[in-house]
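I opened this one up to see how it is put together. These are my notes, in the order I looked things up.

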Amino acid sequence: METQLNYVSLVRDRHSTRSYELHPLTDADRKDIAQAIASAVPLTATSLLDWRLADKSIMGCSAVLYAECGSSADELIDYGYQGQQIVLALLAREWGTCWYYQVRLPGSPCSITVGRPATPGLRSAVVGALSRGHTRKTIEQVVPEGMLQDSAALVRTVLESARLAPSAMNRQPWTFKVISPNQIVVQGNTGRFPDLGICLANAMVTARQLAGAATVTRLDTGEYSVSWQDTRLRKD
Ligand SMILES: Cc1cc2nc3c(=O)[nH]c(=O)nc-3n(C[C@H](O)[C@H](O)[C@H](O)COP(=O)(O)O)c2cc1C
């Protein structure tokens, strides 16, 4: 059901929400959020992490989403991969979110604030400006080896979604290689942050939406392949 969401638009529209309406969660809200959580697919873990909602109000949010997770690079990447799919599914349900490393609930590397977005206040505007959250590296910077001459529109769209991924302090610690019209490689060293998984999630949901299916494979530490078969395009 979730694969029918317009992930390409969601990825482009998403930005961190740092101002929220005063909105205590109802049982219906909790069910809605649980559905967004259930829509995520894991990367390397065999099952979805045990995502929980803590009743905390950071920046005025309604709750904070987190899961217990180990601290190895692979575990952090899976945390980001699952968390970002949930963030996008929540946005489709009109929830605002912000990845937040300043609050680490027991056993979690960072958390995700969740709430109904409000008009940004001064604090939100200042933090947003300081993090330069609306800026991103150029496509030339993140694809240093350049495009293949015959790079299809689909590759470019997947790269664009990966480029727009949020990262801690907006460092964007990744580069991309175009391997073929059906495959890119994402490389990065994200240290103690789940950033690389977030980037992979953006690429995967975009390829899955446009091509019908996508596969993410670990090649090496900090190196992942995202590939797809563009069966839908060939039929058109
Ligand atoms: C893992 C991670 C941790 C983050 N931690 C914080 C944080 O502690 N405080 C904060 O205000 N923003 C935090 N952010 C939000 C980033 O600053 C933001 O995603 C980035 O600047 C890009 O802006 P955008 O999300 O509005 O596109 C975090 C983002 C990520 C991915």
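**The β7–β8 hairpin.** I started where β7 and β8 form a hairpin with two residues between them. Gly 222 sits in the turn and has a positive phi of about 70°. I took helices (H or I, at least four residues) and strands (E, at least two) as DSSP runs, numbered from the N terminus. Strand β7 covers residues 214-220 and is joined to β8 by six bridges, the two running antiparallel. I looked up one of the pairs: Ala 214 has Trp 228 in β8 as its bridge partner.

**Ground rules.** This is a predicted model, so I noted that local features need pLDDT of at least 70, side-chain atom pairs count only at pLDDT 80 or more, and totals for chains, interfaces and linings use all residues. Residues are numbered from 1 along each chain as its sequence is written.

I count two strands as paired if DSSP finds at least two bridges between them. For angles, axes are lines fitted to C-alpha atoms, for helices over the stretch in contact, and the values run from 0 to 180 degrees between N-to-C directions.

I then went through the other pairs. β6 and β8 run antiparallel and are joined by five bridges, with Ile 184 partnered by Val 226 in β8. β5 and β6 pair in the antiparallel sense over six bridges, and a hairpin joins them through two residues.

**Gln 187.** I picked out this residue in strand β6. Its bridge partner is Thr 175. The cut-offs are 20 or more other C-beta atoms within 10 Å for buried, 12 or fewer for exposed, and partly exposed in between, with C-beta atoms placed from the backbone. Not counting residues up to four places away in sequence, Gln 187 touches Trp 174, Thr 175, Gly 222 and Glu 223. Contact here puts the two C-beta atoms, placed from the backbone, within 7 Å. I also checked Gly 146, 41 residues from Gln 187 along the chain; their C-alpha atoms are separated by 15 Å.

**Helix α6.** Which of its residues are buried? In residues 153-163, I found Val 155, Val 158, Leu 159, Ser 161, Ala 162 and Arg 163. Their cover includes α1 (7-13), α5 (139-142), β5 (174-180), β6 (183-188), α7 (195-211) and β8 (223-228).

**The core.** I looked up the largest nonpolar core, which has 61 residues. Such a core is a set of buried Ala, Val, Leu, Ile, Met, Phe, Trp, Tyr and Cys residues joined through C-beta atoms within 7 Å. Val 186, Leu 200, Ala 203 and Val 226 touch the most other members. Helix α3 (residues 73-92) gives the most to this core, with ten residues. Domain 1 and domain 2 each supply at least three residues. I followed up Leu 200: leaving aside neighbours within four places in sequence, it is in contact with Leu 43, Tyr 81, Val 186, Val 216, Tyr 224 and Val 226.

**Two domains.** The chain is divided into domain 1 (2-130) and domain 2 (139-235), with bounds from an automatic or database domain assignment. Their centres, taken over C-alpha atoms, are 21 Å apart. The contact takes 23 residues from each of domain 1 and domain 2. On the side of domain 1 that touches domain 2, α3 gives the most, with eleven residues. That side divides into 14 nonpolar, seven polar and two charged residues. Here Ala, Val, Leu, Ile, Met, Phe, Trp, Tyr, Cys and Pro count as nonpolar, Asp, Glu, Lys and Arg as charged, and the others, Gly among them, as polar.

**The other sheet.** Last, I looked at the open sheet of four strands ordered β1-β2-β4-β3, with antiparallel pairing. Its edge strands are β1 (52-54) and β3 (96-100), and the twist averages 30° from one strand to the next. Three bridges join β1 to β2 (residues 63-66), and Arg 52 stands opposite Tyr 66 in β2.
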